[in-house]
Structures are given as structure tokens and as C-alpha cells.
Amino acid sequence: PRSDCIAAEQLCLLDSTCNGTYRILESCVLARTRFLPLDHQSRDRCLHAELVLGNSSLLHCKCHRRMRRQEHCLRIFWTVHSSMTDGEMIINLQVPANEEHWKTDYNKLAALVSGRDCSQLAGDTTNPCLKATHVCNLSKKCVRLRTDYASICTKGAGSEDTCDHRKCHRALRNFFEKVPEDFTKRILFCPCQDELCGERRRKTIVPDCSFQYNTKPNCLWLLDSCLEDHICKSRLADFQQNCQPTDMSPDGCSQHNHAACLQAYMGMIGTPMTPNYVSNLSVEVSLWCTCESSGNQKEKCDQILSMFESNKCL
């Protein structure tokens, strides 16, 4: 039966055979991560361990985006599926069905969204992104977690100190995972007609820390950094599955679900492959990387960029 990977691991550790096999596989994954050479006998042992665990509850276990100990769950998942190639990466990171009840003044929220009550908007009714921020302020959870990431991601700004990318990314993921999408989508995808609004939208994720580096890295390096991170690797698989473009669908998505693509896009924010708007004047998005000096891997590098820059589904 499908269960979360933490529960499946606990079941496995109670069984002496499964426990021993799982420990072997963990050491195999560690060796691969550190690029340690394995002799023929060790490779056979690793392959056998994978086959044996194929009959355990670990094989079909899943992780959820809003679950507790998510990173630990994903470490288990990728240990069991360590032989997957990039093209096979598919994981269902679904929001759990037992969604928390959000204590929000929904009447006030509906009035603000529809534009009937502008008294809370400091006189500004022309900037949808500013309006989305005020809507967020109606939720204690939304405003608290938004303030948290804004504070963490702006540390070091304007001085010689550099911001802590990891802490910033973690705080961003916390915001997009724990705050209902009614709020997060309004802030991230607010429609803009002018540059002032576009600038606010582009700066939603504090790009100086979460998105940009001093120099643009190669996109292949960005991909490698992502594949070494359990969360990013999983989010990328989710994005590849739900944002696969096609000319045969009205919304440009092979899964015929544009909303799922937007959700997967939000999942990439707060990872080493964090995307963002490229300017204040358009809704075009990209990664902060370049394909210059990619050598004979230029085509692969261009494919990584095109997942965001020229994706009809997205």
C-alpha cells in the first residue's frame, strides 16, 4: 500500500532482512554521491539490494509537499530510487487532503479581491500586486511568514556581507508551503499593466538573495546543484511532469492542467533552481544562469533554460 516514506522506512527497520538491505543501499548511494569507485562485487551487491527492496513498502512510498520532516522523507525516496535517470524522475508531491482550516475573515477577503472595499488599500486601487499584499496582511499566518522570508532574504543587503542563500530559500519554501495558495498565487501571479506593479511582482521573492548571484553561473552547474538536493530534485521532477509543453492542447500543457503547472512552478521557488520574472515589463520568467562556455553540452544547457524561457505550458 502507498504510504509516506517515513512510515515505510519505520516498517522496514523493524524487519531484519529489509533493514540490512536498506543499510546496504544507503552506503551505495553515499558512495555514488562522493564519486567513490565501486568494484564489480560492490556494484552487484548494490543492484541486488535495489531488487530486494522492490518488494517492500518502500518502493511505492510518497512524500507530500506540506508534510513534516519533508527533507527526510525525500532522502528515503531517492535512496530507494537511486538508479533513476534524469528522464525518469517523477514524484507526486501532492498537498495532503486534510488541509488545515485557515482562520481568515473571508468576507473581508472577498471584498478586497473584488475591489468593493478599497479603504484598506492606502488609497491605491491601481496596483494589483500591492492589493495582493494587503490581502495577505488579513491572514496572520501569511503576513508572519512573508515578513520572515523578507527579513532573512534582505540580511546583508547594502553592505559587504552577502545574504545566506540557503536560509533565504528555506524561508521562501516555508512561505509557499504553509500559506494557502489563495494568498501565495495572488502575490506571485498578480496581473500588472505598468512597470511599478511589475517591479513589485518581480521583487516578490527578494531576487537579490534568492535568485541572483554576483555572476551568472552555467545552467548545467545549476542543474547539478539541484540534483544533489533532495527537495530540488523532487520539485524539478514535479515541474517536468506538470509543465511539459505540447502544441496539441489549448493550454499548451501535455497534462491538460495549467493550474498544476503553476503550482509546480511555485514549488521551484526556494530551491537552487529558483526562477523569477526577467523584467518589470513582461511575464517572461527564467533561471539566473547562462549557457556560454558549455562546450559540447550546449544543447543540454539550452534545454534547461528553455524549460522556463520558452515553455508554452508555463
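1. Let's start with Phe 176: leaving aside its neighbours within four places in sequence, Phe 176 is in contact (heavy atoms within 4.5 Å) with Arg 66, Thr 184, Leu 188, Ile 205, Met 266 and Ile 269. Please keep in mind that this is a predicted model, where local features need pLDDT of at least 70, side-chain atom pairs count only at pLDDT 80 or more, and totals for chains, interfaces and linings use all residues. Residues are numbered from 1 along each chain as its sequence is written, and side-chain values use heavy atoms, with hydrogens and water left out.

2. Phe 176 also belongs to the largest nonpolar core, which has 50 residues. A nonpolar core is a set of buried Ala, Val, Leu, Ile, Met, Phe, Trp, Tyr and Cys residues joined through side-chain atoms within 4.5 Å; buried means under 20% relative accessible area, exposed over 50%, partly exposed in between (1.4 Å probe, protein chains only). A second, separate core has 20 residues, among them Cys 61 and Leu 74.

3. Now the disulfides (pairs of cysteine sulfur atoms within 2.5 Å): the whole structure holds 13. One of them joins Cys 243 to Cys 261, S to S 2.1 Å. Cys 243 counts as buried because its relative accessibility is 2%, and Cys 261 is buried at 0%.

4. Which residue forms a disulfide with Cys 253? The partner is Cys 313, with the sulfur atoms 2.0 Å apart. The torsion about this S-S bond is about 95 degrees, so the disulfide is right-handed. Both Cys 253 and Cys 313 are buried.
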